[in-house]
Amino acid sequence: MNDSPHAFLGQLGTQVLLSRCIAMMAEIGIADLVAERPQTSEELAVACNVNADALMRILRFLAANGVFQADASGAISNTAISELLRRTQGSLRDQVRSSWQDVIWDTYRQLPETLRTGEPAFDKAFGMSFFDYLSAHQDIGARFDASMALMSMPENAVLAAAYPFHGTVVDVAGGHGGLISAILRKHRDVRGVLFDQAQVLQYVAKLLVAEQLDRCSLCAGDFFTSLPADGDVYVLKRVLHDWTDAEAIRILRACRAALHASSRVLVIDAVLRPGNAPDPNKMLDVGIMALTRGRERTAADFQRLFDAAGLKLLRIIPPTAPSAMSIIEGGL
Ligand SMILES: C[S@@+](CC[C@H](N)C(=O)[O-])C[C@H]1O[C@@H](n2cnc3c(N)ncnc32)[C@H](O)[C@@H]1O
């Protein structure tokens with residue numbers, strides 16, 4: 001980017017078009033096609049049933065921004081960035097695909113409503129909450145779950161290694177079980193309990209490999225009400241950020257009620273960097289504000305939540321790449 005503030009701001013304003021074009025290319029699967037062999041935009045247009053001139057102009061624009069590249073004969077291939085649009089593990093394809101992005105675009109159109117009222121733009125755009133919408137639209141819901149699971153895969157192994165997990169580990173709202181699997185793989189003497197809503201757990205049994213299921217039980221319930229007792233470590237990964245402070249405190253209180261004297265609660269979430277420090281989680285926070293009533297939090301915010309729930313905040317373990325989440329450890 002040009003250093004002049006004028007040029008910088010002008011270019012920022014056009015990022016919306018860049019983002020839309022990336023989403024469209026992800027949707028039609030260009031990165032997978034050119035991974036097989038470099039191809040011209042004419043060949044790609046035939047394969048994707050789109051207009052060749054429009055595709056060429058979009059790819060030229062993207063290549064000028066480091067997404068895809070063309071050689072002297074016009075054959076398109078992947079760059080390290082466009083490689084991330086392939087259908088591969090750790091890819092960002094599901095996150096940026098346009099059918100999912102359409103939901104985001106309609107939401108962001110209503111952001112002025114969030115600015116005015118503090119209420120989620122999503123509710124205004126779709127007349128229901130984000131999570132109700134995901135349940136009602138199973139195709140989008142499945143895509144959301146898949147992108148979360150893919151995104152979590154590389155970070156789960158890092159998180160499993162970042163803490164001395166021991167005894168019985170209860171993964172509260174553990175979703176499809178990626179983290180508890182990684183913990184059981186890393187710590188052979190740990191027993192796992194995967195706690196989530198009944199409708200989520202019904203998919204889980206087949207996802208956990210048999211060897212780990214032997215050491216992992218499934219428990220359906222509501223984390224606002226009560227959690228399985230006698231756990232040694234209660235994990236809440238990417239859970240509190242979906243909820244308001246009042247709701248997060250209720251979840252932490254339910255954890256507190258299940259703890260014994262030496263149990264630990266691990267909140268695994270972003271901890272926002274103070275002041276003007278650059279931090280991708282500050283972008284995530286505004287994104288979450290548009291979608292739900294949740295929020296990303298600072299260390300001081302977590303201290304307040306723990307105090308209100310009657311828990312001691314013992315320490316914050318900073319993130320290890322590729323995870324951007326800290327481990328906030330609490331106890332009685
Ligand atoms: C953002 S996902 C986090 C999943 C997982 N911890 C991860 O990091 O991939 C939130 C999870 O909370 C679960 N959840 C939502 N409301 C719940 C409730 N009242 N009781 C238990 N689980 C709930 C959802 O089913 C979902 O699996």
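**Helices H4 and H5 in a predicted model**

Ser41, Glu42, Leu44 and Ala45 in H4 meet Ala52, Leu55, Met56 and Leu59 in H5. The model is predicted.

Reader: What makes these residues of H4 and H5 a contact?
Author: The cut-off is on C-beta atoms, which must lie within 7 Å. Pairs between H4 and H5 meet it, with Leu44 on the H4 side and Leu55 on the H5 side among the residues involved.

Reader: How do the residues of this contact divide into nonpolar, polar and charged?
Author: They come to 6 nonpolar, 1 polar and 1 charged. Glu counts as charged, and Ala, Leu and Met count as nonpolar.

Reader: What is the secondary structure of the whole protein?
Author: It comes to 17 helices and 9 strands.

Reader: How do you know that the protein is as compact as a globular protein of its length?
Author: The globule rule gives 20 Å for 332 residues. The radius of gyration is 22 Å, close to that value, so the protein is as compact as a globular protein of that length.

Reader: What share of the residues counts as buried?
Author: Of the 332 residues, 35% do. The cut-off is 20 or more other C-beta atoms within 10 Å.

Terms used
Residues are numbered from 1 along each chain as its sequence is written. This is a predicted model: local features need pLDDT of at least 70, side-chain atom pairs count only at pLDDT 80 or more; totals for chains, interfaces and linings use all residues. Two residues are in contact if their C-beta atoms, placed from the backbone, lie within 7 Å. Helices (H or I, at least four residues) and strands (E, at least two) are DSSP runs, numbered from the N terminus. The radius of gyration is taken over C-alpha atoms; the globule rule is 2.2 Å times the number of residues to the power 0.38. A residue is buried if 20 or more other C-beta atoms lie within 10 Å of its own, exposed if 12 or fewer, and partly exposed in between; C-beta atoms are placed from the backbone.
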